Structure formats: structure tokens, C-alpha cells
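This briefing is meant to be read slowly, with the sequence and the structure open beside it. Please look for each named residue as you come to it.

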Amino acid sequence: ADRNIAPMPANPRLLTALPIPDPAPLGGLVSAAHADEGGGTRFGLGREALPEEVAAWDVDVTPDGTGLPEGSGDVMTGEEVFVEKCAVCHGDFAEGVGNWPKLAGGDGTLDNADPVKTVGSYWPYLSTVWDYVHRSMPFGNAQSLTADEVYAITAYILYSNFLVEDDFVLSRENFTEIEMPNRDGFFVDDRPQTEYAQWRTEPCMENCKDSVEITMRATVLDVTPDDPSGDAPLTETEAAVATPVVETAPDEAEAKAQSASAEEGPADAPDPELIAAGEAVFRQCSACHQVGEGAKNRMGPQLNAIVGREIGGVEDFRYSSAMADMDGTWDHDTLTQFLTDPRGTVPGTKMAFAGVRDQEDVKALIAYLESLE
Amino acid sequence: AAPDPLITEVQPWASGFGDPVDAHPYGTPIRFEDDVIRRNVEWLTADTISSINFTPIHALDGTITPQGCAFERHHSGAIELAKPDFRLMINGLVDRPLVFTYEDLERFPRENHVYFLECAANTGMEWAGAQLNGAQFTHGMIHNMEYTGVPLRTLLQEAGLDAAGDLADKWIYVEGADASSNGRSIPMDKALDDVLVAFKANGEALRKEHGYPVRLVVPGWEGNMWVKWLRRIEVMDRPVESREETSKYTDVMADGSARKWTWVMDAKSVVTSPSPQSPITHGPGPLVITGMAWSGHGRITRVDVSTDGGKTWQPARLAKDGENKALTRFYLDTDWDGSEMLLQSRAIDETGYVQPTKAQLREVRGLNSVYHNNCIQTWHVTPDGKAENVEVS
């Protein structure tokens with residue numbers, strides 16, 4: 001990829017090089033390689049990162065516990081937090097729901113035909129759990145957990161893997177005492193020895209084998225998605241179908257035109273553009289909620305005809321007790337309030353979602369939900 | 001034969017007007033090509049927010065992948081990050097922790113390089129046997145673009161590496177601005193070698209789904225390390241051992257032990273046409289067999305093609321000399337007699353590495369690696385021109 005490109009000099013000079021004060025060598029240990037990299041030319045771009053900025057972003061935790069903040073959490077608290085914030089995907093016992101990751105179990109399966117790679121069976125370092133939960137979980141509401149909650153969740157995941165007792169308290173102090181079962185299960189890439197040495201040979205060109213038989217066919221499994229490919233030009237009909245069009249029934253369009261001329265328009269006049277915008281906003285909801293024909297409850301309840309529905313009203317969905325205890329119906333006001341600030345509105349809701357900040361987006365989202373039968 | 005009315009009769013397009021300029025201020029492919037799109041495999045992941053789709057390699061030629069159909073992989077969805085909101089921090093064992101804006105990055109001397117990006121899981125579903133019927137699905141977690149960006153080396157020098165002391169055992173940790181952050185540790189010698197902090201691809205801004213406005217380019221190494229929406233680079237004296245480099249992107253061997261730090265993507269190739277989604281429709285006679293080859297070790301120097309399942313091989317024609325850590329297009333211009341073929345390709349790179357068979361890989365690694373499957377692929381082409389993904393003895 002480098003051909004025909006004049007290489008950039010290792011230390012390109014500026015037209016007017018900035019005078020850079022030489023930093024005092026630290027401890028005098030400056031290697032030769034390092035001296036080369038230093039170069040001496042700086043561009044003077046960027047600005048110094050402030051300590052509080054570094055503190056806000058530099059939150060990684062390494063296996064020796066470096067980076068862990070003060071705090072602690074016990075298994076039982078962890079269970080409560082886990083059931084509320086994690087179980088929708090990972091199951092009450094960290095066993096995993098559907099295709100979502102299993103966090104517990106799998107002990108002794110790594111050499112099986114179908115290894116089950118969980119925190120308990122596979123992860124070599126506990127720091128990885130803390131770091132990942134703290135930084136990236138819950139899915140859809142990352143970086144919302146307190147340090148104590150992360151300690152508690154980590155303790156509960158250990159408990160669900162039978163690695164600690166139910167009275168265990170995890171803290172920064174005892175963190176590195178925990179040894180993960182598979183800590184010695186990894187080795188550094190050895191392909192140069194085990195593979196490259198074998199395969200860097202002159203390959204066979206003729207009579208490389210006596211016979212060739214087909215031993216397996218993909219069509220036996222038939223797991224390939226439907227492929228509409230085909231090189232024939234599209235017919236007019238296909239082209240029309242391929243272009244998504246927001247249809248507006250003539251009478252609706254007329255109604256809209258009339259109401260628009262009357263005043264700004266009552267809230268219940270369907271606005272195709274608003275609905276389309278709402279459909280786009282809904283994409284972030286679709287991780288957990290289904291809509292449309294045949295919609296089923298998934299992480300969250302199906303949302304067909306949600307406007308006007310009783311709050312907590314889908315019979316076979318397991319709501320949080322907070323949601324189940326709510327009275328009333330979902331209308332524009334209650335939906336707006338809830339979608340803007342789910343957990344402020346219904347403290348204890350299982351919905352691990354920070355909320356939609358932009359009120360235009362909320363309006364569009366409700367218009368879209370209302371358009372669903 | 002009757003004369004062709006497409007020739008003898010005046011066609012509407014030869015008589016009336018076409019689109020004026022500005023009909024499409026930013027053009028997209030003509031509607032006849034709207035099947036050349038990314039596709040996903042629903043059962044692979046729990047949700048499309050954290051998922052992957054596949055480049056339609058069966059329908060592309062040349063080497064550059066258009067951004068609009070280059071595969072996507074997100075761990076927490078493709079975020080919208082505006083240039084004014086972009087910040088890149090360099091901290092850790094540096095002389096001066098720095099924060100750059102997007103504008104700052106554009107003021108450093110920049111370079112252009114073409115590199116392939118392959119997901120470590122490309123062809124991963126095929127470890128245990130032929131599964132998916134189409135080159136898009138078996139080999140489509142790859143794209144190849146021309147990147148414009150600033151060498152990471154330049155930015156690290158700007159922050160100053162005196163504080164890091166001996167660089168031989170140092171690492172950088174890189175993370176993105178999205179909710180997954182997708183942090184990865186990279187040894188310092190790679191960071192100072194050819195890693196780019198890129199903001200353009202194929203001449204235009206990166207697409208949102210590829211990390212707009214700034215992503216990391218880690219040539220020849222697994223795609224997961226090419227952190228998108230790049231926000232922080234920390235110089236460290238050890239790897240973080242993050243989720244993406246312990247529980248994921250590690251290769252489980254038959255005995256249950258696992259390889260880690262398997263960063264380099266070994267030499268690999270695939271015939272893209274004919275293939276299951278790109279059957280032969282013209283019958284016997286002249287036939288162009290084509291495909292692509294790449295290696296994380298450097299340049300592709302040769303690609304061999306077999307039409308009999310690996311009994312005999314012949315060198316294919318490279319469209320141009322192989323380029324460092326970039327896709328190479330190969331052709332075998334043949335005269336097909338209409339008999340069935342077991343079509344394979346085999347890449348060889350400048351280090352002499354020869355793309356292995358699935359049997360060779362399984363002998364070392366077993367069936368459960370998931371990642372880094374660079375085996376020789378076989379398409380069974382039948383006399384009617386259809387092709388199927390198969391495994392052969």
C-alpha cells in the first residue's frame with residue numbers, strides 16, 4: 001500500500017520550527033531508540049489535558065488492580081442491582097437470555113465441542129469484569145453505575161459462578177486476592193513457531209492429491225439469509241417496492257392540510273414526516289422493543305397501540321414492580337415524561353435507557369408509536 | 001436471426017433527456033445495482049446494535065471498497081459525533097498529556113495509504129464446516145480503503161515519550177467515544193511503525209458507521225483494533241487486558257487453552273466470482289474467474305487457482321503488483337468447458353507464507369477458534385453454472 005508514495009521524513013521540519021524546551025531527562029534512563037523517537041521538533045498543536053479531564057476519561061483498570069477507585073459491594077446488593085439492571089439480557093442468574101452473553105457456568109467446557117466461554121469459565125482477570133461493567137454497561141446506559149454498584153455486580157457475578165460465598169464483599173482492598181479459574185489458560189501468539197514454520201514452503205502445483213470428495217455442503221444447513229441478488233434489471237414494480245415511500249392516504253393528507261390551515265394542527269393529525277422521523281428515533285428502542293405485525297415481548301414489552309394502553313398493561317410481560325404498581329394509561333403526557341427521563345419518572349423501572357433528550361425526538365417518537373396499530 | 005430492436009429501434013434514452021445535473025447532489029448507485037448492499041446474518045448476534053454485517057464482495061471488482069457498502073461492526077451502535085464535539089486525548093507515560101481537536105489533527109503532516117481491514121471473525125462461522133452459502137457471508141467482513149491521516153507516531157512525539165523511558169516494553173491503550181469504548185492494547189513498536197489516525201477514506205470523510213470523524217488504522221492487524229470514534233490514547237507499561245482482548249478475539253485451541261495477542265491477519269484469498277451469489281450465467285466458453293487476496297504480513301506475491309479441488313494449481317494473473325497490507329485483485333482468464341469445478345484460490349505473501357487448507361488449520365487449532373480462519377475456500381460449480389459452498393477431502 002506504500003508504493004508510489006514518497007515517504008514522509010521521520011521528523012518533518014516546520015517552516016518555522018517551534019523552539020521546544022528540552023524536558024529534563026527522567027532519571028537519566030533514556031534509551032537509544034527513545035532518543036530517535038524524540039526528534040526534538042514539535043508542532044505546538046493541541047493543549048495540555050487538565051487533571052480532571054484525564055481523571056474523567058482515564059478509567060481503565062489493569063489486572064493488578066491499578067485504576068480501581070475506592071469502594072466496595074457485597075453479593076446480595078449485587079444481586080439486587082443485577083436483577084434490576086443486567087438481568088434483562090444476562091438473566092437473573094447471569095445465565096444469559098437468548099443470544100445475549102452468558103456470564104456464569106461453562107466450567108470445564110473449554111475443550112468440548114461447543115465451549116461455553118463465561119466470566120467464570122474463560123475470563124482470565126477479574127479486572128476485566130470490573131473495567132467492562134464500569135465502562136460499557138448496562139447496554140444502552142453505559143457509565144451510569146457507581147463504583148460501589150460495579151463492585152457489587154462483580155461480586156454477584158463471582159457468586160453466580162460459585163467462586164465466592166453469599167456473604168462475600170468485594171472491595172478495592174481484596175480485589176487482587178481473587179484468582180480467576182482460567183487465569184493460566186492463555187498463551188501468547190505462537191503462530192510463528194507452530195504454523196508459519198510449517199507453511200512457508202513451496203506449495204504443490206500438480207498431483208497434489210489422489211482424489212477429491214465433497215465432504216460437506218452449506219446447503220445442507222441452509223442458514224444463509226435470503227439473497228435477493230440477481231443481475232437482471234429490476235422491473236418497474238420491484239423498483240417501486242425497493243424505494244421506501246411514506247404513504248399518506250388522500251383523506252389524511254387532506255385532513256392535515258385543513259387542520260394546518262386552521263391553526264398549528266391538533267396533536268392527533270398524523271404527520272408523515274414526523275412519523276418517519278420518529279421511526280428513525282425508534283431504532284434505539286428496537287434493541288428491546290418490537291412493534292408491528294407479530295410483535296412479541298422481548299427485553300421490553302411489545303409496543304403496538306401503546307398510546308392509550310394501560311401502564312404496565314401487557315399481561316404476559318414481567319414488569320418491574322415499580323412499573324406494575326403504576327396506575328393510569330400511556331398518553332402523550334405520560335409518555336413524554338417517561339421517555340425523557342425513564343428512571344426519574346418510574347424509579348425502579350427495568351428499562352436500562354437514559355432517555356431521549358431532544359423534545360422534538362420525543363414528539364416524533366410518540367407520533368410514530370401512535371401510528372402503529 | 002431477427003435484428004435486435006434495442007439497436008434497430010430508437011430507444012427513449014437515445015431520444016429524450018436524462019437527469020439534469022444536480023438531480024442527485026450526492027450520487028448513489030443506479031437502481032439496477034441496488035442489490036449490491038451490505039447484509040447481515042440475523043442469527044449471529046442478539047441484536048443489530050452490537051452486530052456485524054458483510055461487504056457484498058461477490059459483486060465488487062478491483063480493490064477499493066466503496067464506503068457505502070463496506071461492512072459495519074458496532075459494539076454499541078454507530079454514534080453521531082460531530083467534528084466540533086471531537087476530542088482526542090493522549091495521556092499516560094507522556095511528557096505532556098494533550099487534548100487535540102479535529103482541527104488540530106488536520107494541521108499535522110498527513111499521509112495516504114491503502115489498507116485492508118479484516119474482522120478477526122471473518123470466515124469464523126466456517127470452522128466447524130461449510131455453513132453459509134455466499135462469499136459475502138463467508139468472507140465479507142473485509143474492506144479495503146485509501147486512508148488519509150496523521151501517523152500515530154507524530155502525535156505520540158507531540159506528547160513526548162521521554163516519560164515512557166525504554167519503549168521496548170511499552171504499550172498504548174486506545175479507546176473510542178461510543179458507549180462500548182472498545183478499548184484495545186497495542187504494543188509500542190506497532191504504534192510507532194505504521195498506525196494512522198485517519199479522518200478520510202477513499203478521499204472523503206469517514207462514514208458514521210466507520211468511526212466519523214476519526215478512527216484508528218492498524219495495518220494488517222485484526223479489525224477490532226481499528227478503534228472508531230477514537231477519543232483516547234494512553235501510553236502504558238502493560239496491556240489493559242480489556243474485554244475485547246481477553247474474553248473476545250482470543251483463539252480457543254482443541255485442548256481448551258487459548259491464544260491471545262493474535263493480532264496479525266495471515267495471508268488469505270477467496271474467489272468472489274463465480275461464487276454462490278455470482279453464478280455463471282453464460283454457459284461454456286470464455287470465463288473470468290476472479291477473487292481477492294491479502295496478507296497482514298505485507299504484499300501478496302502470488303495467487304494460485306485450482307478448479308479441481310486442489311489436485312492441480314495454476315498461478316492467477318494479479319491485476320497489479322501486490323501492495324503492502326492491501327487487497328490484491330487476481331484473475332484467471334479461462335475457457336470453461338461446462339464441466340463441474342471445485343474452485344479454490346491460495347494466496348502467497350512476500351514472507352513465503354502459503355494460505356493453508358482448513359485441514360491444516362484444524363490440525364493445529366481444532367474447531368473452536370472462532371477467530372482467524374484464513375483457510376482455502378472451495379466453491380462447487382455445477383454444469384448449470386451454479387455454485388455452492390462445500391468442503392472437500
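Predicted model: local features only at pLDDT ≥ 70, side-chain atom pairs only at ≥ 80, totals over all residues.

- The size of an interface is often given as the accessible area lost when the parts come together.
- For chain B and chain A this buried area is about 9700 Å², and 54% of it lies on carbon and sulfur atoms.
- Chain B gives 125 residues to the contact, while chain A gives 103 residues.
- Eleven salt bridges are counted between chain B and chain A, and one of them links A:Asp58 with B:Arg232, where the closest N and O atoms are 3.4 Å apart.
- Between chain B and chain A there are also 51 residue pairs in polar contact, counted where both residues have pLDDT 80 or more.
- Sorted by class, the side of chain B that touches chain A consists of 49 nonpolar, 39 polar and 37 charged residues.

**Strands that pair across the chains**

- Strands of a sheet pair through backbone hydrogen bonds, either parallel or antiparallel.
- Strand 14 of chain B is joined to strand 15 of chain B (residues 258-260) by two bridges in an antiparallel arrangement, and here B:Val252 is the bridge partner of B:Ala258.

**A sheet in chain B**

- Chain B has an open sheet of four strands in the order 16-17-21-20, with antiparallel pairing, and its edge strands are strand 16 (268-273) and strand 20 (317-318).
- Two bridges connect strand 20 of chain B with strand 21 of chain B (residues 328-336) in the antiparallel sense, and B:Arg317 stands opposite B:Tyr331 in strand 21.

**Aromatic rings**

- Over all chains, 23 aromatic pairs are counted, including the edge-to-face pair of A:Tyr196 and B:Tyr353, with 5.4 Å from centre to centre and 85 degrees between the planes.
- This pair crosses between chains, from A:Tyr196 in helix 7 of chain A (residues 191-199) to B:Tyr353, which lies in the loop between strand 22 (341-349) and helix 7 (358-365) of chain B.

Key:
Residues numbered from 1 in each chain as written. Chains lettered and ligands numbered in written order. Heavy atoms only, no water. Contact = heavy atoms within 4.5 Å. Buried area = accessible area lost by both parts, 1.4 Å probe. Salt bridge = Lys/Arg side-chain N within 4 Å of Asp/Glu carboxyl O. Polar contact = N/O pair within 3.5 Å; in protein donor to acceptor, adjacent residues only side chain to side chain. Nonpolar A, V, L, I, M, F, W, Y, C, P; charged D, E, K, R; others polar. Pairing = 2+ DSSP bridges. Phe/Tyr/Trp six-rings, centres within 6.5 Å; stacked < 30°, edge-to-face > 60°.
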